[in-house]
Amino acid sequence: MSSETDTTVIARTVVRVVVPIILLTAVALLLQGHNLPGGGFIAGVLTVTAFALVYIVFGREFLQRSLLHVEEDGFLGGAIGEYGRTFTFGLALAASAGVGSIVLGELLDDGQFEFLTQGVVFVYHVPVYHEIEIPTALFFDLGVYFVVVGALLTILAVVGRE
Amino acid sequence: MTDLVVAPLLVALFTAVATLPLRSARRVQQAVSVAGGVVYLVAVAALVRAVKADGDGYLVYELSNWDAPFGITLVADDLSVLMLGLTAVVSLAALVFSVRGIPAVGQRLSYHPLYHLMVVGVTGSFLTGDIFNLFVWFEVMLMSSYVLVVFYSGPDETRAALHYAFLNLLGSAVMLLSIGGLYATTGTLNMADMAEYLAAAPASQTTPVLGLSAMLFAVFALKAGIVPFQFWVPDAYRAAPAPVAAMLAGVVKKVGIYAIVRLYFTVFAVATLPPGPFGDNATFLAFFGPVFLLMAIGSIVVGGLGAVGREDLDGLLAYSSIGQVGFIVLPLAVAASAVPAAGTAIPGDGIVTLGITAALVYSVNHGLAKSLLFFVSGALSRTLGTVRFDALGGVSERNPALAGSFFIGALALIGIPPLSGFFGKFLVFDVGARAGSWVVLGVALLGAILTIAYFTLAWARGFWGPPSDAVAGAHVDRSFVLVAAVLAVAIVVLGVGFGPLYDLSYEAARSATETQGYVDAVLGGSQ
Amino acid sequence: MVSEPVSGTLGLLVVGGLVVASLVTLAAGYRVVRGPTTPDRVVALDVIGTNVVAIALLFALVTGQGLFVDVSLVLAIIGFISTVAVARYVTEGDIIE
């Protein structure tokens, strides 16, 4: 059954508008996660929600062929392989975020930083925002984000295939 | 270099991460995984050296640079590094066994990352000095072990894993509840800070802590599989792949034992009981002593009798490990009852230290011997497809090295000199005799007889006599025999040269009972 | 993200809105329990979802705490996708093609 006849034009139009909004909300929540409600987990869940909408309304074929440009699902190949690489990357990033401080302490050679030590950099005079904080916690949040996205999409893809 | 304290943790964590992207290259993945096990062993060895070289024997590491008691503190002392050493040896052996012992598809998909994450959880539990952090590491460990138990995903495995997961989730909920209560009562989560508070608090303020610590003890007993919380053990061990069962019985159980020793003998030992049946000025341990004793007796009897009636090797080993944990708790019970009144220091050569030493020596011996036996059982089940006694028989004739390793492991658990198990059992009897407790001696004797009975049965039915049809045509992979033989040699060497193990365990027991030293080491920096 | 809570007439109106939204949620709960058909329940659950979003927004106005706006936003998104998924399940009997 092809996806053209499957869903109404209303559903497809609405999804086309809604998906970018969801992704924007996800990014906003990711960036404010270090000192406000939000963070990597909920941002990842929202991103997967956007993917799930595309899955439901446009079909699995459309998402994997036209959006991700991957061919058939194999064992650890195709779309599932891509998702696996996503959460692997996320896990590596989250794990490295804590070690960064040890390495930095060694490089700077002015006192020792323990594992997981956090820091923050303020960037001033930015247009529109005026002031941006870039905390080291952001890297950990990014890692969590990729883990959640990769893992949930793997579940969606495997369950959707059966 | 205090960074050494986190080194084992980071090695295991990064090995887990590194084995994930290598799923498409099976050989490389296996090589990285085993190399990770070797590096873990090296990191633990370096940590042991550092702790031994340290002046007061406590390496304190404050995560994220937050001073204790506000941040999370990792503490490596003699007790922690002893358990870490056991973990490193058993874990490396299990990894080498897994390369051939786990089906290739399963290894590629998820086995190696999950295995290393379980090691991360175990390592964290041994190192942490924060009671809530202990809960987190327990969860890390259990989360991976749920998947590893259900690994073969047949109907039996799924049922066993469901029970295992449900019981442990229930246990985690109770644990969280009691930790929350402890935080509300004492106002701190740091173990050293809590010990300081409890030592100063009058009995009226510590009463709620008694109930909460009893609740917490039930959780640790569940993780260690002590009667009456033993019922999940046989099914879970039978369902799990052999190397995982070896880790569960050899190491993960010891996390429960470690938590009991660390929390009850270091932290809660200084709290005063409200006046009551145990007399004025008694410590919490006076209350826990009889509880430990009852549960130890229950474990030895239930485990021993259960093991005698089993029809398969896995089930026998699982019941046997219930009984052996009883042998670990038995000297702890004697030690707990012998703790002097609150406010007096625990003498270094008394029954308390000796009891904990006995429990630790027995833990190390059981960890090595039981994992060796699970490896032999796993080698047979991987080769023959079954470990039921009616299909086994005559393994000693077909494969003397494998059968010999089994024989040594069994003798170590029975306690024949000069194996390490002899000293473990000897110390248990010694502690019982010094305390003058006929109950302890009688139970230990009964347990020893039951151990001899079920291992004799296993040997006679599975390994002795003419080879059965299945055994005669089987060829056991060399790597299995190698792992089993190396562990067997290790058990013999530890037994013949028993001195170092005794010294390590004695030092560990000393550091477990020296609350003041622990508190000073952890809180010293901030005062 | 914390600002002055609303007060005066507007404050009364907002509290009144909270009461109405809560009552509607309860009424829809009755429909969820009673049914009798699946679409009835689905629509009732959707009404509950929308009302919880409204309650979160009104609560943000009452307390002046901006974080409840985030809560309502996320709830609205998840409510939307669950409605789409359930609608597809009811009409097609299958969620992903």
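Figure 1. Over residues 9-32 of chain A, the chain is 100% helix and 0% strand, with 36 Å between the end C-alpha atoms. The model shown here and in the following views is predicted. Residues 38-58 of chain A are 90% helix and 0% strand, and the end C-alpha atoms of this span lie 29 Å apart. Both spans carry the annotation "transmembrane region" in an unreviewed UniProt entry, which also lists residues 87-108 and 137-159 of chain A under that name.

**Figure 2. A:Arg161 at the end of helix H6 of chain A.** Helix H6 of chain A comprises residues 137-161, and A:Arg161 is found in this helix. A:Arg161 counts as exposed because it has 12 C-beta neighbours inside 10 Å. A:Gly59 is 102 residues away from A:Arg161 along the chain, and the C-alpha atoms of the two residues are separated by 11 Å.

**Figure 3. The contact between chain A and chain C.** Two pairs of chains are in contact in the model, and chains A and C share the most contacts. Chain A contributes 22 residues to this contact and chain C contributes 15 residues. On the side of chain A that touches chain C, at least two residues come from each of helix H1 (3-6), helix H2 (9-32) and helix H3 (40-58). H3(A) provides the largest share, eight residues. The composition of this side of chain A is 14 nonpolar, six polar and two charged residues.

**Figure 4. The contact between chain B and chain A.** Here 15 residues of chain B are in contact with 14 residues of chain A. Helix H1 (7-19) and strand S1 (59-62) of chain B each supply at least two residues of the side of chain B that touches chain A. With four residues, H1(B) gives the most to this side of chain B. Sorted by class, the side of chain B that touches chain A holds nine nonpolar, three polar and three charged residues. Chain B and chain C, in turn, are joined by no contact, and their closest C-alpha atoms lie 25 Å apart.

**Figure 5. Helix H3 of chain B.** This helix runs over residues 78-101 of chain B and has 24 residues. From its first C-alpha to its last, helix H3 of chain B reaches 34 Å, close to the 34 Å expected at 1.5 Å a residue. Of the 24 residues of H3(B), 21 are buried, and the helix is thus mostly covered.

**Figure 6. B:Phe375 in the largest nonpolar core.** The largest nonpolar core has 253 residues, among which B:Phe375 and B:Ala484 touch the most other members. Beyond its neighbours within four places in sequence, B:Phe375 is in contact with B:Phe97, B:Ala242, B:Ala246, B:Phe480, B:Val483 and B:Ala484. A second, separate core has seven residues, including C:Val53, C:Ala60, C:Leu61 and C:Phe68.

**Figure 7. The helices of chain C and their annotated spans.** Chain C has three helices and zero strands, and its elements run α-α-α from the N terminus on. The unreviewed UniProt entry lists residues 6-30, 42-61 and 67-90 of chain C as "transmembrane region". Residues 42-61 of chain C are 100% helix and 0% strand, with the end C-alpha atoms 29 Å apart. Residues 67-90 of chain C are likewise 100% helix and 0% strand, and the end C-alpha atoms of that span lie 35 Å apart. The C-alpha trace of chain C spans about 50 × 30 × 15 Å along its principal axes. The radius of gyration of chain C is 16 Å, whereas a compact globule of 97 residues would have one near 13 Å. Of the 97 residues of chain C, 14% count as buried. Among contacts in chain C between residues at least 6 apart in sequence, 54% join residues at least 24 apart.

**Figure 8. The surroundings of C:Val90.** C:Val90 lies in helix H3 of chain C, which comprises residues 67-92. C:Val90 counts as exposed because it has 12 C-beta neighbours inside 10 Å. Apart from its neighbours within four places in sequence, C:Val90 is in contact with C:Thr38, C:Pro39 and C:Val42. C:Val90 and C:Val42 are 48 residues apart in sequence, and the distance from C-alpha to C-alpha is 9.2 Å.

How values were computed
Residues are numbered from 1 along each chain as its sequence is written. Chains are lettered from A and ligands numbered from 1 in the order in which they are written. This is a predicted model: local features need pLDDT of at least 70, side-chain atom pairs count only at pLDDT 80 or more; totals for chains, interfaces and linings use all residues. UniProt positions are given in the numbering used here, feature names are shortened, and annotations may be inferred rather than shown by experiment. Two residues are in contact if their C-beta atoms, placed from the backbone, lie within 7 Å. Ala, Val, Leu, Ile, Met, Phe, Trp, Tyr, Cys and Pro count as nonpolar, Asp, Glu, Lys and Arg as charged, and the others, Gly among them, as polar. The expected span of a helix is 1.5 Å times one less than its number of residues. A residue is buried if 20 or more other C-beta atoms lie within 10 Å of its own, exposed if 12 or fewer, and partly exposed in between; C-beta atoms are placed from the backbone. A nonpolar core is a set of buried Ala, Val, Leu, Ile, Met, Phe, Trp, Tyr and Cys residues joined through C-beta atoms within 7 Å. The radius of gyration is taken over C-alpha atoms; the globule rule is 2.2 Å times the number of residues to the power 0.38.
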